[in-house]
Amino acid sequence: MSNEKPDLRAVDTTHGSITEQAQAAADDARVGWEHFQQLMEEDKRVEPRDWMPEQYRKTLVRQVSQHAHSEIIGMQPEGNWISRAPSLKRKSVLMAKVQDEAGHGLYLYSAAETLGTSRDEMYQQLYTGKAKYSSIFNYPARTWADVGAIGWLVDGAAITNQVPLCRASYGPYGRAMVRVCKEESFHQRQGWEILYTLSHGTPAQKQMAQDAVDRTYGPALQMFGPPDADSPNSQQSMAWNIKRFSNDELRQRFVDMIVPQAEALGLTLPDPELKWNEERGHYDYSDLDWDEFFSVVKGNGPLNHQRLAHYRAARDNGAWVREAAAAYAAKQADSSRDSALLSA
């Protein structure tokens, strides 16, 4: 549990005494703090109008907005394959999936707005490169098989991470995640089906599927964040019941889940040290390349600049649509107001 407490001092700097108004504010803060602590201890939800520590609010804004940014940027690798999908069915399914990702971003931006941060501010943070998003989306989707690997591994990792978030202590975030997780389950099945078809096709198709898995496996495991010892935010998020499991616990769950799935696909995971540990009851796996991870997070990945450039161009090119919609809404509001005055 966090030791952050509200400043309960209420001093009138002019006279050096505690004023009634300031004392009332201090009392409200004390009551709010005690209520917040009780919610944490009883594992109940914090709602937007509840008092919350400022650091709790900032942590949520960072996490929820970063999650939203990841959904929006994550549309790009697969969106690039819509026009090149191998059949009309594949094209329509992929279009539906990319549309879902846009919707997820909107749900999450809405949840973050309830914390007092405007959507325009979050958009601007992503536009300028100040905000972060999941590093996995800074890698290219080279072949159609990569679309399958994204669905199976990337969305599979997302589900492993996000299902516990349905019980996040902040109400709007947890409720948004319920629908997101249902749709992500469809996305993972779509990726699995693509890889299954390829791995049971021609030798060239199976090799294409294997190459995509080889490229995606490591970055997918890094999606859970750095090791617990190097994760400055994880422990506090768990103390506040935002997260339910640590980065390493979630990563282990994911590895344990995908090993038998890879066997069913007839594909191998690119880790020579991957083996079952009878004593631990889990699979052991190799250390990940964290130097590469932090380099990508800092903006040095294969496609960091391209992803942001594409986002900026799309936002700039769509400015006229937003301006037209705002002008139309203002005109409608004026018309409604005039009608009300005439009928009065």
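A crossing of two helices is called right-handed if the near helix is turned clockwise from the far one by less than a right angle, and left-handed if the turn is anticlockwise. In the predicted model described here, the crossing of α6 and α10 is right-handed. The contact between these two helices is made by W152, L153, G156, A157, T160 and N161 on the side of α6, and by L250, R253, F254, M257, I258, Q261, A262 and L265 on the side of α10. By class, the residues of this contact divide into nine nonpolar, four polar and one charged. Two packed helices are described by the angle between their axes and the distance between the axes. For helix α6, which covers residues 144-162, and helix α10, which covers residues 247-265, the axes come within 10 Å and cross at roughly 140°.

The chain as a whole contains 13 helices and two strands, and its C-alpha atoms fill a box of roughly 80 × 65 × 35 Å, taken along the principal axes. Of the 344 residues in the chain, 46% are buried. Among the contacts that join residues at least 6 apart in sequence, 74% are between residues at least 24 apart.

Helix α12, formed by residues 304-317, has 14 residues and reaches 20 Å from its first C-alpha to its last, which is close to the 20 Å expected at 1.5 Å a residue. Within α12, the residues N304, R307, L308, Y311 and R315 are buried. Seen down the axis of α12, these buried residues fall within an arc of 90°, and they therefore line one face of the helix. An α-helix has 3.6 residues a turn, so residues three or four places apart point the same way. The face of α12 that is turned away from the buried side carries the exposed residues H305 and N317. The buried residues of α12 pack against several other helices, namely α2 (54-73), α3 (75-79), α5 (119-128), α11 (290-300) and α13 (319-343).

With regard to the pairing of α12 and α13, the axes of the two helices come within 4 Å and cross at roughly 35°. The contact is made by R315, D316 and N317 of α12 together with A319, W320 and R322 of α13. In terms of residue class, this contact of α12 with α13 has two nonpolar, one polar and three charged residues.

Backbone geometry was also considered at two loop positions. Most residues other than glycine have a negative phi, and most peptide bonds are trans. D43, found in the loop between α1 (20-41) and α2, has a phi near 55°, a positive value in a residue other than glycine. N241, found in the loop between α9 (234-239) and α10, has a phi near 65°, likewise a positive value in a residue other than glycine.

Helix α8, which runs over residues 203-222, includes Q222. At 4% relative accessibility, Q222 counts as buried. When residues up to four places away in sequence are not counted, Q222 touches Y139, R251, L288, D289, W290 and F293.

Technical notes: Residues numbered from 1 in each chain as written. Predicted model: local features only at pLDDT ≥ 70, side-chain atom pairs only at ≥ 80, totals over all residues. Heavy atoms only, no water. Axes fitted to C-alpha atoms, helices over the stretch in contact; angles between N-to-C directions. Contact = heavy atoms within 4.5 Å. Nonpolar A, V, L, I, M, F, W, Y, C, P; charged D, E, K, R; others polar. Expected span 1.5 Å × (residues − 1). Buried < 20%, exposed > 50% of the residue type's maximum accessible area, 1.4 Å probe, protein only. Arc of directions from axis to C-beta.
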